[in-house]
Amino acid sequence: MQTFLKQHKLELGIFALALVARLVFFFVCLYANGGDVIATVRGQDGYFGLSQNLLLGNGFSINPTAPFLPYSYGVPGYPYVLYGLLSLTGSYAATAIVQLVLGALIPVIGMQFARVLVPSLSRAPLVIGALLALAPYQVLFSFIFYTETMFTFTFGIFFLAFFRYLRTPSMRLAMLSGFLLGLVTLIKPTVQYVPVVVGAFMVWRFRKTLDRKLFIQLGSFVVVFVFVLIPWLYRNYTTFGVANLSSQMPFNLYGTLLPSVLAIANHTSFAVEQAKLPVFLDSDLSSLSSLSGKAIAEISRHPVALIELSALNALTFFTHDGMLTFLQAAGINPISYLQKPALLLLITAPWQFAQTIWEYMHTNMAFVFFARLFWITVTILFWLGLYRLLRAKLFSPELLFSVIVVFYFMLTTMVNGLSVNARFRMPVEPIIFAVAYAGLVLTRERTSKNLPHEH
C-alpha cells in the first residue's frame, strides 16, 4: 500500500484537488438552489425525465405524462447509467456524487495523456492535471445530468487503450478499443464516425508493414464496434423505421444550423430565425430525418453565411470559456447580456461590445472576461505547440491521432451553429492543454536558446 501511494502520489494529489473542487462547487450550487438537489443536478437535455420514466417503468421517454412516446433524440448509454445508479442508491444526490467522483478521475486520465503525447516535458502531467482539476466547466458538469462527464471519462479510457494498440498492435487491444468506442458512441453519438478516422489512421500508421494480420485486427475493431450498436439500431428501426442511432444530426441540421446560417445571412438573431421554422422541432426520428434534405438545400443557398458561421464556430470551439454558465449555476447573474456571440458582436457592433465589457469589468462578471482571455491564450499556444512540436520532430503517432480527433470534434460541432459552447470541447481538453503547454515550454526554451526539453 505504501509503495502504491509513493508511486502514485502525484495522481492522488490531483484527484484529491479535483474532488475537493467539485464537492465545494456542488454545495455552492446546492445552496444557490435553496437546498433543492434535483434543481442542482438536472440538466436541460432530458436526461432527468428519461431517468424518472425508466425508474417508473414508462420506457425510454421524456414525456412527463401519458402517452409516453419513445424518445429518438438521445442514445441509451447515459440514461441507463443514471437508471442503474438511481436504482442502486435511491438518491439523486448519491448518483450525482458518484458522477462527481468519475469527474475527478478525468484529470488523472489527462495526466496519462500528457505522458503519452508530450513525454519530453516532465512537468506536463502535473500542469495538465491541475488545469483539468480546476477547469470551471469540468467542475460544473461533473455533477449535473449531462453526458459530458461520463462521455469524457469513457472516451479517455478508449484513448488510452488505443494508444497501447498503436505501440503494440494485438487482436485483444483492437477488439477492446472497438468495444470501448462502441460504448462511448452509445453515450454520445458525436463519435460515431471516429471508426473511419481510426481505420484510415491505422492504414497510414502501419503502411510499411501492412499485412493480413493488421487488416484482420482492423476488421475486428469495426465488427466489435458495430456489434455494440446493433441492439439500439434495431430498436430505432423497429420503432421509427430508420436504422439510425438518434435524431441528433437531422435535429441539429434543421433546428440549429439552419437558423444560425439564416441569422447571419439576414442579420437577425438565432431565436428569430428558429421561430420561423414551419415544423415543430420536437419530432421523432423518421420525421426529422426527412427534414435533413430540406435543411441542406436551404443552407446551400447561403454559402457566404455558412463560411462565416464555420469560421466563427471554429474559433468559438477553442475560445468559448463557459464562465457565465458556471457563475449562473452558483447563483451569480450578470447585469446585462451580450445580444450575440462575443466575436460576432465585436465585428458587427464594436461600440456595444465595448460598453458591455466595460460594465462587466465593474462587476463579478469580470471573471468572464479573464476566462475568455485565458482560452484565447490557450488557443494561440495550441497552434504554436503544433508548430513547435513538428519542428522539434516530437510528433508521435499518438499525438497525430489525438490532434486529428481534436479537429474532428471541431468540425462535428459546427452543425450546432450559434449554440456551440465550451461543452463541446470538454472531451478533448486534455489534448488541447498538452499541446498548448508544449507550445509554451518549447517557445520559452527556444527564446532562451535552450534545448527543446525540460530540465
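A residue counts as exposed when its relative accessible area is over 50%, and as buried when that area is under 20%. Lys393 reaches 75% relative accessibility, so Lys393 is exposed. The model behind these values is predicted.

**Overall make-up**

The protein has 455 residues, and 50% of them count as buried. Its secondary structure consists of 23 helices and zero strands. Take the contacts between residues at least 6 apart in sequence: 76% of them join residues at least 24 apart.

**Backbone in the loops**

Most residues other than glycine have a negative phi, and most peptide bonds are trans.

Start with Lys393. Its phi is positive, about 55°, although Lys393 is not a glycine. Lys393 sits in the loop that runs between helix 21 (366-391) and helix 22 (397-412).

His267 also has a positive phi, near 55°, and is a residue other than glycine. The loop between helix 13 (248-266) and helix 14 (270-275) holds His267. Is His267 buried or exposed? His267 is exposed, since its relative accessible area is 70%.

Ala66 and Pro67 are joined in cis, with omega about 0°. Pro67 belongs to the loop between helix 4 (47-56) and helix 5 (77-89).

**Accessibility of selected residues**

| Residue | Relative accessible area | Class |
|---|---|---|
| Lys393 | 75% | exposed |
| His267 | 70% | exposed |
| Phe374 | 36% | partly exposed |
| Trp375 | 6% | buried |
| Leu132 | 0% | buried |

**Aromatic pairs**

The model contains 41 aromatic pairs. One of them joins Phe374 and Trp375. Their ring centres are 5.6 Å apart. The planes meet at 80°, and an angle over 60 degrees counts as edge-to-face, so this pair is edge-to-face. The two partners fall in separate accessibility classes: Phe374 is partly exposed at 36%, while Trp375 is buried at 6%.

**A buried leucine**

Leu132 lies in helix 7 (residues 124-134). Its relative accessibility is 0%, so Leu132 counts as buried. Which residues does Leu132 touch, leaving aside those up to four places away in sequence? They are Arg22, Ile106, Pro107, Gly110, Gln138, Glu429, Pro430 and Phe433. Leu132 and Ala104 are 28 residues apart in sequence, and their C-alpha atoms are 8.9 Å apart in space.

**Empty space inside**

Rolling a probe the size of a water molecule over the atoms shows where empty space is left. The count is three cavities of 30 Å³ or more. The largest cavity has a volume of about 40 Å³. Helix 6 (92-117) and helix 9 (148-167) are the elements that give two or more residues to its lining.

What lines the largest cavity? The residues are Ile106, Ile109, Phe113, Thr152, Phe155, Gly156, Pro427 and Pro430. By class, six of the lining residues are nonpolar, two are polar and none is charged.

Terms used. Residues are numbered from 1 along each chain as its sequence is written. This is a predicted model: local features need pLDDT of at least 70, side-chain atom pairs count only at pLDDT 80 or more; totals for chains, interfaces and linings use all residues. Side-chain values use heavy atoms; hydrogens and water are left out. On a 1 Å grid over the protein atoms alone, a cavity is a set of points where a 1.4 Å probe fits but cannot get out, and a pocket is an open set with protein on both sides within 12 Å along at least five of seven lines; lining residues have an atom within 4 Å of a point. Grid points are joined across faces, edges and corners, and a volume is the space filled by probe spheres set on the points. Helices (H or I, at least four residues) and strands (E, at least two) are DSSP runs, numbered from the N terminus. Ala, Val, Leu, Ile, Met, Phe, Trp, Tyr, Cys and Pro count as nonpolar, Asp, Glu, Lys and Arg as charged, and the others, Gly among them, as polar. Buried means under 20% relative accessible area, exposed over 50%, partly exposed in between (1.4 Å probe, protein chains only). Contact means heavy atoms within 4.5 Å. Rings of Phe, Tyr and Trp (its six-membered ring) pair if their centres lie within 6.5 Å; planes under 30 degrees apart count as stacked, over 60 as edge-to-face and the rest as tilted.
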